[in-house]
Amino acid sequence: MKEFDYVIIGGGCAGLSLAYELEINEKLKDKTLAIIENRKEYKRDKTWSFWKVFDHNFDDCVIKSWNNFTINTSESSHELTNKKFPYQSIDSGKFYNKIKSKLSTNSKVSFFKNLNEINLENSKIFNSVFEEKIDKSKLWQHFQGIEIETQKKIFDEEIINLMDFNCDQRNDVHFFYTLPFSKNKALIETTWLSDLEDQSLMDYDLQLENYIKNNLGIKNYKINFTEKGAIPLFYPSLKNDNKIINIGSAGGMTRLSTGYTFLNIQEHSKYIVKNIDKIYEAKIFNLGNKYQFLDKIFLRVLKKHPEKMPKIFLNMFKASSNTIIKFLSNKSNLIEDINIISRMPKLIFFKALFN
Ligand SMILES: Cc1cc2nc3c(=O)[nH]c(=O)nc-3n(C[C@H](O)[C@H](O)[C@H](O)COP(=O)(O)OP(=O)(O)OC[C@H]3O[C@@H](n4cnc5c(N)ncnc54)[C@H](O)[C@@H]3O)c2cc1C
C-alpha cells in the first residue's frame, strides 16, 4: 500500500484549508499528501460567515461583506456599524472549487475514499472526522437556512440581522438570522440552541415559512438553496493520540458560545503549516483558555435560563462594535473582556461559576 508524508482525514473545511495552506506555502514540493474524503461530490452545502478580523485565503469566495448589523428581541432593537471588521459570507461551493483546482495541479496530492487504501505508518496525520456517537442530550446549535429570491426588491442589502429573537422560544433559545445578498436575495436561517432530543423544534420548514410571511411580510419567493446543520456546543471527546492532530470541529475549533468555526480553522491551518516540520513537538493549538472558561459559564447560564438569553445577547451587543466583534472572534484584550462581562447579569453568572 502507498505511503504518504501527510495524511488529512476528511476533506471538508478544515482538511481542504490545511491542504491549501500547505500547497501555497510550498510544503508539498517534495512531500506527498493523501486526503481521505468519502463524500460523493463537492457542491455548495454551507455558507460560512464570520467577522474578518484577519486576512484569509478566500476573499474570492466571498458572496458579500457587510458593515452593519442588527440584533433584536420582541421589545427592543439595536444596530451596530463596523468598518474595520466586515462580516463576510463564503460560498462553500466556490471554496471547494478553488482548492480542488489548485491541488489538481500538484501530482503529489491524492484523494482517497477510504483510509484502508493507504499505509499510515510513517505519515503525519491530521484528522477532521468525529468518530464519537452523537450525544443528543448535550447542547447543540441546530438550524436550517434557505436562500430565497423575491421578485420585488425587498431587502436592505447593507444590513444583516444577526439575531432576531422576536419568535417562538418554546423554552429554549431560538432566533432567526438574515443575510441579504442583494435587494431580492437573502439567506434566512432558523437557529436553536438546545439539545437534539426535542424533535418538535425541528419543524424548520414551517418555522421559516411563518417567519418569512409574518415577520418579513414576504408572500412570493422561490428557494434557491437549503442548508441544514447541527454544530456541537461542546468539545469532542476524541482520544489524544499523539500521532494524530485533530483539526476543524473535531480539533476544538468551534467557539462554543457562538458556533463560529471557519476563521479559527484558517488560523489553525496557518499555525500547523508554520510548525509543520516539528508539529508533534509544537504546543497544541486552542482558542485560548479564557474563552473556553467564559464560554463554559455562558453556556451553563444559557441551559439554566434560556428565557433570559435574548436580553443577555442584546446587552452584549450594546458594547462598542469593535469590542463585541473582537470578543466573539477570540481577539479581545482584558479591558474588552471586562467590558463584555460587566454587561452580564451578575448574580446568575456568579452562581453559574459554582455548578
Ligand atoms: C450548514 C452549516 C453552516 C455553518 N455555518 C457556519 C458559519 O456561518 N460560520 C462558521 O464559522 N461556522 C459555520 N459552521 C460550522 C463549521 O464552520 C463547519 O461545520 C465546518 O464545515 C467545519 O469544518 P470541518 O472540516 O471540521 O468539518 P467538515 O467541513 O464537515 O469536514 C469533515 C469532512 O469529513 C468527511 N468525512 C466524514 N466522515 C468521513 C469518513 N469516515 N471518511 C472520510 N471522510 C469523512 C465529510 O464528508 C467532510 O467533508 C457551519 C456548519 C454547518 C453544518
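Tutor: Helices (H or I, at least four residues) and strands (E, at least two) are taken as DSSP runs and numbered from the N terminus. This is a predicted model, in which local features need pLDDT of at least 70 and side-chain atom pairs count only at pLDDT 80 or more, while totals for chains, interfaces and linings use all residues. Residues are numbered from 1 along each chain as its sequence is written.

Student: Which element gives the most to the shell around the ligand?

Tutor: A residue is near a molecule if its C-beta atom, placed from the backbone, lies within 6 Å of it. Of the 28 residues around the ligand, those that come nearest are Gly 10, Gly 12, Ala 14, Gly 229 and Gly 248. Two or more residues each are given by helix 1 (13-24), strand 4 (47-51), strand 16 (221-232) and helix 4 (262-274). With four residues, the element that gives the most is strand 4.

Student: Between which domains does the ligand lie?

Tutor: The bounds, which come from an automatic or database domain assignment, divide the protein into domain 1 (2-70 + 82-132 + 236-278), domain 2 (140-232) and domain 3 (289-352). Because residues of the shell around the ligand are given by both of two domains, the ligand lies between domain 1 and domain 2.

Student: In what order do the five strands of the open sheet run?

Tutor: Two strands pair if DSSP finds at least two bridges between them, and strand 3 (residues 33-36) is joined to strand 9 by four bridges. Strand 9 (109-112) and strand 17 (244-246) each have a single partner strand, so they stand at the edges. The pairing is parallel, and the order is 9-3-2-11-17.

Student: Are helix 7 and helix 8 roughly parallel or roughly perpendicular to each other?

Tutor: Axes are lines fitted to C-alpha atoms, for helices over the stretch in contact, with angles from 0 to 180 degrees between N-to-C directions. The axes of helix 7 (residues 321-328) and helix 8 (residues 334-341) come within 10 Å and cross at roughly 100°. Angles under 35 degrees count as roughly parallel, over 145 as roughly antiparallel, 65 to 115 as roughly perpendicular and the rest as oblique. Helix 7 and helix 8 are therefore to be called roughly perpendicular.
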